[in-house]
Amino acid sequence: MKQILQSFKTGETTLADIPAPQVRKGHVLIQTTCSLVSLGTERMLVEFGKANLFEKARQQPDKVKQVLNKIQSDGLKPTMEAVFNKLDQPLQLGYCNVGKVIAVGEGVGEFRVGDRVASNGSHAEVVCVPKNLVAAIPNNVSDEEAAFTVVGSIGLQGVRLLNPTFGETVVVTGLGLIGLVTAEILKANGCKVIGIDLDEQKLAIAKAKGVIPVNPLTTDVVKFVENETGGVGADGILITASAKTNDIISQAAQMSRKRGRIVLVGVIGLNISRAEFYEKELTFQVSCSYGPGRYDENYEQRGQDYPLPFVRWTEKRNFETILNAISSGNLEVKSLITEKVPIREYDKIYGQIGKSRAIASILTYDGSSEIDMSSTVRLGERSFTGSKGVIGIIGAGNFTKMTMLPALKDTGANLKYIASAGGVTGTALAKKHGFTHSTTDYKELLRDTEIDLVMITTRHGQHAALVQETLAAGKHVFVEKPLALTRLQLQEVLAAYGHHAEQASLTLSVGFNRRFSPHIRKMKELIGNAQDPVNIVATMNAGFIPDSMWVHDMSSGGGRIIGEACHYLDLMVYLTGSTIQSVCMSALGKNPAENTDNASILVKFENGSNGVLNYFANGHKSYSKERVELYSQGRTLIMDNFRKTEGYGFKGFTKLKTNQDKGHRYQFTKLIETLQQGGAPLIPFGEIVNVTLASIAAIESLKSGEWVDVALTSQPGASKPQETLEETMVV
């Protein structure tokens, strides 16, 4: 199928061939009939992409600070590689989509095949959208009118936050597409509306809709508003403009009455004068997109609606309100349509987007032509017949893009398939790294007889079920940590491993890369394989991530101990040469069971070694992220951030310094060698199971406040089996 993409690196806009998405649980699959180009937002993205690296940095000073912190902690080379990898990621343009439902996912009861719907889907022939971002179109509303649903909701949310009352005077600054719709919504609310813009064409359209127009190039807008309000000032100001200047926010304060309200919908400079706001006791608020629910994964992706008596207007209910307003005639949008362009002639819009004077540009899709609904796009003609070590990857997220694929380079890996839920990131990575196929159906990998190894890099909650499916398909497995989130999931994996892997000599590897770092291998060499018990203190200065991130969700991410600290439990197993016997975990705060971000784990090993694993999210970013101290026989080793290891008391060794190397490249090199030439698994499977159990036992210990033995039969979990992932894969 065809989809419009834009490069953050070059600003180039292209119409790309992308595998059609698969309908997923809680989602609706929609064949597009038309979509609305948001000229303001999309022009800003295109212009940002075309800017040079210096200009990009100037426009995003907060990102520059993050880059500088990363350079300090990780070094220049890894940081610059991460920056350029990020810029290589294509951006899906568009968020105002209209079409017909062609498939309905599990758990969706309000839509049927054939329904006409509006959604925040992108400019693509087929889109898969979660049900809470889809609204049914009334019969008397055309597809082109319905394309205004989402931009209308953006304006409506700003109006709701302003909370105007009948008879109030409200100023709308910026009469672009959203500004004009916002002004009309305010008129429908019984407000006197003053519209400010530099473009006479837009001012004329606003005037025709009953808005009082004013051009700041020819009129002192502050005095104008004072005159229109009898010297009182505007009751409210809605800023829908997109500009870098700070003058707009200052102007808003000056034209406002005392205790007036200012709501920002657009993007402007925000160097606010305290005096201007202080003297009038002004209220200032920033509006968030379509309304309550935006960026809440539980609402948007999992379909968990907010109860109407407590949250009257969600983003979906705002969508429905705009459609009903168009249906009833309270909102007229047809006159805003400047041009209609077939999607295959997209460049008529995007080629001149910086100079366009259009208000609303509609992309049309030829529903009569046959859309390629194939879930797989072939990108190369290479034959893999007779090749060993042919690889398929499930997951095209940050780990795949930033870490795994760069590390697989020059390993001799034969890359055939990459699977991603939306197809966009997967296809971009496939083209960059030489894959021959990109797909949105991961089962294509499992059915392909040429694939030897499947590498799984999806969200943590999907790992265990995908491992079982892959083993059942007769493929070797590499799964990025963790292997499982619960004891029950692990038991199911063990059953699949025993049934399939042992019979077919399949290997199961987990991405515990730290043990493959030259620093950790040097430490292991120095203390020897038959050493006495040792003491290890390992610290991860992990950094804070918001509670809303999927990693914190125990069902999809497993939390940061199971999902990330497991790396260090494995590292300790490797260094001690012993499996873990028991663990005891404590955490920071008055409710420690709820704070796995700041915790310490005491670890007892079968050979008598002791370990302390500190996983902290409250440290400073500039301090080393990872540190290991090992004490043995009057000697000490200290590894700092996989860049420097120092030895004390070791004859002939004092220091090892490298660029930051966490072992990924060496791990993948050995993995491909083993796959192609045979040999023992990279990590003994018993150690993988032991580490997985230890991470799960640590959470059990935190809840119970006691030591927990690491055994498969102790404290069995009560989790339900993982659902099949065919329709729920998120990458």
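These legends go with several close-up views of a predicted model.

A quick note on the ground rules: local features need pLDDT of at least 70, side-chain atom pairs count only at pLDDT 80 or more, and totals for chains, interfaces and linings use all residues. Residues are numbered from 1 along each chain as its sequence is written, and side-chain values use heavy atoms, with hydrogens and water left out.

View 1. N97 belongs to strand 5, residues 97–104; strands here are DSSP E runs of at least two residues, helices are H or I runs of at least four, and both are numbered from the N terminus. With a relative accessible area of 1%, N97 is buried (buried is under 20%, exposed over 50%, partly exposed in between, using a 1.4 Å probe and protein chains only). Leaving aside neighbours within four places in sequence, its contacts include I30, C34, V117, G121 and V127, where contact means heavy atoms within 4.5 Å. T32 is also one of the contacts, and its side chain makes a polar contact with the side chain of N97 at 2.9 Å. For a polar contact, a pair of N or O atoms must lie within 3.5 Å; within protein, one must be able to donate a hydrogen and the other to accept it, and residues adjacent in sequence count only if both atoms are side-chain atoms.

View 2. Strand 1 (residues 2–7) is joined to strand 2 by 5 bridges, and K2 has D17 in strand 2 as its bridge partner.

**View 3. Y290 meets F319.** The ring centres of Y290 and F319 are 5.6 Å apart and the planes are at 50 degrees, so this pair is tilted. Rings of Phe, Tyr and Trp (its six-membered ring) pair if their centres lie within 6.5 Å; planes under 30 degrees apart count as stacked, over 60 as edge-to-face and the rest as tilted. Y290 sits in the loop between strand 14 (283–286) and helix 12 (297–300), while F319 is in helix 13 (residues 315–328). Both Y290 and F319 are buried.

View 4. F516 is in the loop between strand 23 (508–510) and helix 20 (518–527) and Y666 in helix 22 (residues 664–677), so the pair ties together parts 150 residues apart in sequence. F516 is buried at 8% relative accessible area, whereas Y666 is partly exposed at 34%. R521 lies over the face of Y666, 3.8 Å from the ring centre. A charge sits over a ring if NZ of Lys or CZ of Arg is within 6 Å of the ring centre and within 35 degrees of the ring normal.

View 5. The order runs 17-20-19-18-21-22-23, with mixed pairing. Strand 17 (376–378) and strand 23 are the edge strands. Strand 22 (residues 476–479) and strand 23 run parallel, joined by 3 bridges.

Note on methods. Two strands pair if DSSP finds at least two bridges between them.
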